[in-house]
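Subject: Structure handover and findings

Hello,

Here is the structure for you to look over. My notes follow below it.

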Amino acid sequence: MTTAWFCFLAVMITMYVILDGFDLGVGALHLWVGRTSKEREQATAAIGPVWSGNEVWLIAGGGVLFLAFPTAYASAFSGLYFGLIIVLWLLVGRGLALELRHQIDHPLWEAACDAVFCLASAALALVFGVALGNVVRGVPLQANGYFSLPLFNILNWYALLIGVFGLVVLSAHGANFLSWRGVGPPAERAHLAARKLAWLEAVLFVALIWPTYHVRDEMLTNLTDHPWRLIFPALAVGSLIAMFVLQRAGQWFRAFMASSLFIVGLLTTMAAGLYPNLLPAHDGHPYSLTVHNAATGHHALVTAIVWWPLGMVLAGVYFVFAYRMFFRSEEEPKMGTS
Amino acid sequence: VTVDRLQFSLLITFHYLFPILTMGLALMMAWLKTVSFLGRENHRFPLFRKTEEEREHYEQAAVFWAKIFAVNFAVGVVTGIPMEFQFGTNWAQFSNYAGGVIGQTLAMEGVFAFFAESIFLGIFLAGRKRVSAFTHWIAALFVFVGSWLSGFFIIATNAWMQHPVAYSGHGKQVQLDSFWKLLTNPWVGWQYAHNMSGAAITGAFVLAAMGAFFLLLGKHTEFAKISVRVGVVAALIFCTLQIFPTGDRAAHNTAHMQPSSFAAMEGLFKTERGAPLVIIGNPNTEQRRLDSTIAMPHFLSFLTSHNWNEELKGLNDIPTNQWPDSVPLVYYAYHIMVGLGTILVAIAGLAVLLLWRGKLYENKAMLWALMLAFPFTYIANIAGWVTAETGRQPWVIFGLLRTKDAASPASSVPAGTGIFTMLGFAGLYLFVGILYLMLIVRIVGRGPEDPELPTTGAASAAGAMGAEASA
């Protein structure tokens with residue numbers, strides 16, 4: 001039962017990263033992809049109607065963590081205090097810049113909103129990467145189940161590396177998205193950015209294997225001890241290669257899908273490497289929070305396993321409906337329920 | 001803990017200003033859209049008998065209110081996300097303790113309410129040009145249902161903190177025993193009805209105020225008349241529901257399940273038979289009495305139990321370590337809510353009377369009163385929540401977990417860190433508040449005849465772009 005909730009949590013986080021990931025990537029890139037205010041507006045227009053729905057996955061993911069593993073929720077959120085508050089401020093700034101840009105028709109206002117939107121998006125991609133990096137690296141958990149990481153300890157070298165990787169992956173994801181959805185010169189620039197970022201993504205992916213093994217060798221041994229879990233990194237590698245091929249072929253919708261699968265591969269690899277840990281302790285600390293010691297009572301988990309899939313099916317239906325409406329195109333893409 | 005409490009109260013108070021209107025306005029918009037969509041000249045239901053032209057005006061009104069709704073909703077979302085995080089960042093021990101129970105309702109809010117609300121608002125704002133009239137109407141209804149469901153899950157969460165049920169385990173953590181009993185907590189029903197009716201009152205008075213404003217200016221008369229009419233009728237309906245049965249029953253629950261909170265609300269120090277209902281008075285906690293009171297003898301006992309001589313427990317018979325930590329705050333918040341509620345009923349009643357006599361649209365004094373009354377609905381709503389939340393003190397979960405034991409451990413979040421983030425939020429929210437007012441003033445300045453629905457602007461631009469792409 002707790003394993004099932006571990007998987008659900010992974011699904012929620014993956015859905016969030018795929019969906020809001022392209023919003024963040026578009027945000028980080030749109031100053032470069034769009035040279036004029038009009039072009040930038042076109043770039044953000046592609047995500048305008050869906051970003052708030054995408055962001056709900058973050059809320060719902062937090063809800064799942066709170067529901068199933070309250071101890072881990074309490075520990076992680078208080079321990080990574082500064083990191084999370086910064087995320088909040090960035091989310092506020094980003095949401096307002098995107099929503100309110102069109103309310104005032106003035107070049108300075110638009111420029112200011114574009115800048116805030118770009119910076120906040122890029123910083124969020126980085127900070128989310130940093131947060132995941134800290135989870136992989138482990139945190140100094142104490143016997144009472146809590147820990148504290150001051151800001152500069154949150155920004156340790158490994159977490160920063162993962163943060164940069166996160167920014168690159170999401171920018172590439174956003175560039176693929178814009179290549180698919182965009183028209184005119186911004187789309188051309190997005191093609192170029194997507195190709196370049198794909199290389200960077202591949203280089204960092206390979207380069208990060210050793211540091212990850214260095215900070216937590218279970219990340220690899222956990223996979224090799226259960227060989228079936230190697231499916232996940234294989235998926236990441238496969239979809240990365242597919243993305244290169246599809247980008248060459250100019251099939252941008254498929255390249256975007258490959259980019260989404262690459263994210264699935266990365267995050268599931270991480271989950272498979274961590275399991276059964278939710279929040280592992282840093283070297284030398286024995287108090288890791290696992291799916292066993294952080295889970296809530298059985299009744300709550302069983303109850304929620306009844307209503308949760310129902311809610312997910314409903315959400316999936318809404319998403320397919322809305323995406324079909326907003327992203328109507330020859331290919332009739334289906335999204336949001338993978 | 002003090003810093004965490006200050007931070008939470010600042011964040012939640014500022015945040016809740018927006019959902020009040022979101023929920024109230026969602027109902028009003030759903031009504032305007034329904035009349036516009038279903039209206040026919042020979043409709044069976046007299047309220048839907050509308051000519052083609054009247055339906056157009058209803059549609060126009062719905063579109064205008066959608067613009068305000070969109071800005072309000074955006075601010076509500078961005079200030080709402082921090083609320084979920086606050087439980088973990090600043091109230092980690094509370095989350096750890098209670099997450100197994102209230103995690104259910106909070107996660108359900110995300111899964112059942114937020115997805116529907118955000119997606120269908122996106123569709124609604126994309127406008128009638130992109131979707132059929134039917135889809136547009138359904139989207140408006142879903143936005144309404146989503147926002148009211150969201151309210152339900154929040155109230156269900158709060159109800160558990162006011163009156164914990166369906167749990168087992170003590171000490172470090174509690175666990176859920178019965179999902180059904182959690183949702184049917186005896187506290188939930190009336191508090192939900194009372195709260196939603198309060199939000200509807202704000203929606204109604206905001207509608208009426210906007211209409212009154214345009215009528216006084218002599219602009220956009222057709223739109224203004226619809227807003228005033230729908231606003232004052234809804235205001236009277238919900239003001240009445242607010243007092244009876246919802247307010248009456250919610251107070252009844254408090255009296256029985258939280259006597260300490262009830263005694264503080266009413267300023268009742270001495271336990272007595274036939275307790276008086278205090279209309280005006282200043283609680284003096286040091287002397288344990290009310291100063292300068294005007295009171296109606298026996299009324300409090302009667303209202304609480306329908307028995308003129310019922311004995312009600314006063315604060316003197318409750319140990320001081322179980323008193324709310326500020327009795328006067330609970331008392332004043334409650335009396336402000338009730339006092340404003342009474343004034344609002346009077347305004348709504350008078351306005352409906354004038355409407356019925358066909359004199360409302362010309363009565364300048366009444367229009368001024370309507371235009372200026374809407375801020376009081378916000379104050380009354382917030383005061384109601386202050387009563388509920390400070391009345392529950394010193395407990396965060398009544399009778400189970402004290403507030404002082406609920407914050408994040410000082411070892412992980414030092415008080416100084418909390419002060420820094422609170423200042424950050426205060427600055428950010430001040431900016432957000434100013435921006436919000438500026439945008440609303442701008443939308444009002446453009447008036448309802450501006451057909452554009454530039455909400456996410458992005459949405460309309462997406463339309464243009466989609467058209468380009470397919471061309």
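First, a definition: helices (H or I, at least four residues) and strands (E, at least two) are DSSP runs, numbered from the N terminus. On that basis, B:Ser408 sits in the loop between strand S8 (401-402) and helix H12 (415-446) of chain B.

Now the ground rules. This is a predicted model, where local features need pLDDT of at least 70 and side-chain atom pairs count only at pLDDT 80 or more, while totals for chains, interfaces and linings use all residues. Residues are numbered from 1 along each chain as its sequence is written, chains are lettered from A and ligands numbered from 1 in the order in which they are written, and side-chain values use heavy atoms, with hydrogens and water left out.

**The loop serine**

Is B:Ser408 buried or exposed? B:Ser408 is buried, at a relative accessible area of 7%. A polar atom of the B:Ser408 side chain lies 2.6 Å from the backbone oxygen of B:Thr89. A polar atom of that side chain also lies 3.2 Å from the backbone nitrogen of B:Ala92. Both are polar contacts: a pair of N or O atoms within 3.5 Å; within protein, one must be able to donate a hydrogen and the other to accept it, and residues adjacent in sequence count only if both atoms are side-chain atoms. Leaving out residues up to four places away in sequence, B:Ser408 touches A:Ser78, B:Gly88, B:Thr89, B:Asn90, B:Trp91, B:Ala92, B:Gln93 and B:Val413. Contact here means heavy atoms within 4.5 Å.

**The interface**

Chain A puts 68 residues into the contact, and chain B puts in 77 residues. The two chains bury about 6600 Å² between them, 75% of it on carbon and sulfur atoms. (Buried area is the accessible area, 1.4 Å probe, that two parts lose on being put together, summed over both.) A:Tyr81, A:Trp89 and A:Gln103 supply 11% of the area that chain A buries against chain B, more than any other three residues.

How many residue pairs are in polar contact between chain A and chain B? The count is 11, both residues at pLDDT 80 or more. On the chain A side, the elements giving two or more residues are helix H2 (37-45), helix H3 (51-68), helix H4 (70-79), helix H5 (81-100) and helix H14 (298-326). H14(A) gives the most, with 17 residues. By class, the chain A side has 44 nonpolar, 19 polar and five charged residues. (A salt bridge is a side-chain nitrogen of Lys or Arg within 4 Å of a carboxyl oxygen of Asp or Glu.)

**Salt bridges**

Over all chains, the structure holds 12 salt bridges. One of them joins the side chains of A:Arg189 and A:Glu39 (3.0 Å, N to O). A:Arg189 lies in helix H9 (residues 184-207) of chain A and A:Glu39 in helix H2, so this pair ties together parts 150 residues apart in sequence. A:Arg189 is partly exposed at 23% relative accessible area, whereas A:Glu39 is buried at 13%.

A:Arg94 pairs with A:Glu55 in another salt bridge, with the closest N and O atoms 3.1 Å apart. A:Arg94 is in helix H5 of chain A and A:Glu55 in helix H3, so the pair links parts 39 residues apart in sequence. Both A:Arg94 and A:Glu55 are buried.

In chain B, B:Asp291 forms a salt bridge with B:Arg289, the closest N and O atoms being 2.3 Å apart. B:Asp291 is partly exposed at 23% relative accessible area, and B:Arg289 is partly exposed at 42%. Salt bridges that share partners also join A:Glu41, A:Arg101 and A:Asp114 into one network.

**Nonpolar cores**

The largest nonpolar core has 259 residues, of which A:Phe69, B:Trp65, B:Phe94, B:Trp160 and B:Leu370 touch the most other members. (A nonpolar core is a set of buried Ala, Val, Leu, Ile, Met, Phe, Trp, Tyr and Cys residues joined through side-chain atoms within 4.5 Å.) Helix H3 (residues 92-126) of chain B gives the most to this core, with 19 residues.

Best regards

Definitions and conventions: Ala, Val, Leu, Ile, Met, Phe, Trp, Tyr, Cys and Pro count as nonpolar, Asp, Glu, Lys and Arg as charged, and the others, Gly among them, as polar. Buried means under 20% relative accessible area, exposed over 50%, partly exposed in between (1.4 Å probe, protein chains only).
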